[in-house]
Protein chains: 2
Amino acid sequence: MQTPITTRSLFGPGPTNPYTEATVALGYPLLGHLDPLFIERIDHTCDGLRKVWGTQNARTLPLSATGSAGMEAAFVNMVEPGDVVVIAVNGLFGERMCDVAARCGADVVRVDHEYGQPIDPQRVAEAHPSPAIIAVVHAETSTGVLSDIAALGQLKGDALLLVDAVTSIGGVELRADDWGIDIGYAGTQKCLGVAPGLAPFTVSDRAFERRVENPRSWYLDLGMLGGYVGAASGAKRTYHHTAPVAMIASLEAALDRILGEGLENVWARHSAAAAALRSGLQERGFELFAAEGARLPSLTTVCVPDGVDSAAVRGYLLEKYSMEIGAGVGKYADTVWRIGLMGPNATVGTAEYILMALQDAVTATR
Amino acid sequence: MQTPITTRSLFGPGPTNPYTEATVALGYPLLGHLDPLFIERIDHTCDGLRKVWGTQNARTLPLSATGSAGMEAAFVNMVEPGDVVVIAVNGLFGERMCDVAARCGADVVRVDHEYGQPIDPQRVAEAHPSPAIIAVVHAETSTGVLSDIAALGQLKGDALLLVDAVTSIGGVELRADDWGIDIGYAGTQKCLGVAPGLAPFTVSDRAFERRVENPRSWYLDLGMLGGYVGAASGAKRTYHHTAPVAMIASLEAALDRILGEGLENVWARHSAAAAALRSGLQERGFELFAAEGARLPSLTTVCVPDGVDSAAVRGYLLEKYSMEIGAGVGKYADTVWRIGLMGPNATVGTAEYILMALQDAVTATR
């Protein structure tokens, strides 16, 4: 028997509830992946992605898998065995970068930071005299921390700057070109307000020229994918794999929704919602986990108060409000909550609703 | 501006028009990927996949990318550098296997067959005395040919049998366990009647024990994925990546639809539709491309008659009927058409409709 159809308020680290436009578009009549109308659709989608990335990169496209595959694509296409890759680690996704890069044969230079703190651009830039790549997470989903990419971009020297923007794209200021990002990957299920399943990706000409010619992954081979999405303007489209056409229609609709509202307005909406959530939490005596000044608008991390059972609170919210908030990660699994206000959920009203429900849950489960 | 919303009849090599149930489910309220209801959903989906694969394999799951990533997962998890991999090539997807296997460091032994012919199990089995893997495509989408996997399974010896079932699963007889398939991958956009975006995958215990411990791909690492979908019964679910929850709801719904009709009934429906199409084509003087006795029910290949312009016919069908049929592949690009009757399109009535339209197009464009 099919599992029950249930409406959830998704206020965890993602997926978020999608924009209505994105959900509607999932149900559009399907197009073949070589249909002229689909070519138009993918081109329009890539145009929209360039805007949310803040880039002019021709090679900006949605990879046909989730954000984690975006990370893999970034490393597998850029790292030759023995390349020095400096990785700033201040959370789970920095850790994961180390694993993925090592599988590609990288000589990984880790620069560890305390969880909850942003990365230190100076320390990262000085970790090695001539790295091939410097890799960093813009918005750490595991800790709710935002790092200063622009500052690191100014210090990168000849290295390529590789950035994870999974939890910032479409909700938090992101300017790939201005900041010097050479390779960027993201996901759809956070601020873009689309179901998970695609990895928005961008790569500069400078980085593309330094790519691995015959990477270990066929599926994520950027050289082949470029032809498929027509990254080279006017190029003939060559078949690579069958694109996830329904997901791409959904992404197109969400991008139109976001750009119709105005990207800076959408950033402001995410910031206002986060500010309301943070101040409401602090007024109620909760402590925030992420360092002041580096708090991510799209995802707020809260310390679970002493004597409060994290899992019981989350269970109560799910049961009574059909509301999901996230647990912490790793050693903070039971001591931190992660509350996302992303995409259509990024409103002050939603923040107020969460504050009310969380207060109820903490009281009821004590 | 968003691209136009247009209804197409998708009678090419895939994607097909999805089952209505699958489209409806794409619009269900989203669940978080760690929600207990989603765990129920993924388990139910994996149960359904076991049935369409014809397997009891605990490790049967939808990978979070398209069918081509399924191919990559199969090789990247099973091939250590230097392993001998015998690959039966009778079309594009066999060719692709050679590329993907070589990137994993395989010592590839190609066994070439004429395009349009099924693979010769004896010749494939005798190509090497002790291969680690024998790889073969069950249903060659590029040529419309069905090969005898059961016969090869009986000859495989100690080798692992790796099978591409992209264009057979859910529409053509497939019995992974009975036939001795150790590793199988497929896609959702053909007979399963779901949009592209997932790769149904299955791996036997025997194969899983021989897997690469730390494969080059993090995203497709079966050791990690097993924990995520709870392949080990009763195992705690561990977070790996954010599952494409909307696509999985759609796959679940399609599987329920197929199993509700009865898998053997669905196979019979695909066969009857193909038989009507083939005999109608022959009555009208068209020649079929695939060898008699090895014609794939889900995809019929037709020789473009002398003096007929393949592209003009396809353009006419798209323009007048909003109907997509496929071109050929490689050197047959202009001389073969590929007509798919898959999922909800696998009916005799649809076959009659295509015959009428094709006749019209050939006449009108001559």
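Copies are superposed here by least squares on the C-alpha atoms of residues with pLDDT of at least 70 in both. Two copies of a chain are related by a rotation about an axis and a shift along it. In this predicted model, chain B is brought onto chain A by a rotation of 180 degrees with 0.0 Å of shift along the axis, and the RMSD is 0.0 Å. The relation is therefore that of a two-fold axis. Within chain B, Ala65(B) has the C-alpha nearest the axis, at 2.4 Å. Both copies use the same surface, since 100% of the contact residues of chain B recur in chain A.

The contact between the two chains comes next. Chain B contributes 66 residues and chain A contributes 66 residues. The size of an interface is often given as the accessible area lost when the parts come together. For chain B and chain A this buried area is about 5,500 Å², with carbon and sulfur atoms giving 58% of it. On the side of chain B, Leu30(B), Arg103(B) and Trp218(B) supply 14% of the area buried against chain A, more than any other three residues.

The rule finds four salt bridges across it. Arg8(B) pairs with Asp35(A) in a salt bridge, and their closest N and O atoms are 2.5 Å apart. Across the interface of chain B and chain A there are also 24 residue pairs in polar contact, both residues at pLDDT 80 or more. Several helices of chain B each supply at least two residues of the side that touches chain A: helix 1 (20–26), helix 2 (36–53), helix 3 (67–78), helix 4 (92–103) and helix 10 (245–261). By class, the residues on that side of chain B are 32 nonpolar, 21 polar and 13 charged.

Leu263(A), Trp267(A) and Leu296(A) supply 29% of what domain 1 of chain A buries against domain 2 of chain A, more than any other three residues.

One salt bridge is found across the interface of these two domains. Arg175(A) and Glu264(A) form a salt bridge through their side chains, at 3.3 Å from N to O. The domain interface in chain A also has nine residue pairs in polar contact, both residues at pLDDT 80 or more.

Over all chains, the structure holds 36 salt bridges. One of them joins the side chains of Arg257(A) and Glu21(A), at 3.4 Å from N to O. Arg257(A) belongs to helix 10 (residues 245–261) of chain A and Glu21(A) to helix 1 (residues 20–26) of chain A, so this pair ties together parts that are 236 residues apart in sequence.

Definitions and conventions: Residues numbered from 1 in each chain as written. Chains lettered and ligands numbered in written order. Heavy atoms only, no water. Buried area = accessible area lost by both parts, 1.4 Å probe. Polar contact = N/O pair within 3.5 Å; in protein donor to acceptor, adjacent residues only side chain to side chain. Contact = heavy atoms within 4.5 Å. Helix = DSSP H or I, 4+ residues; strand = E, 2+ residues; numbered from the N terminus. Nonpolar A, V, L, I, M, F, W, Y, C, P; charged D, E, K, R; others polar.
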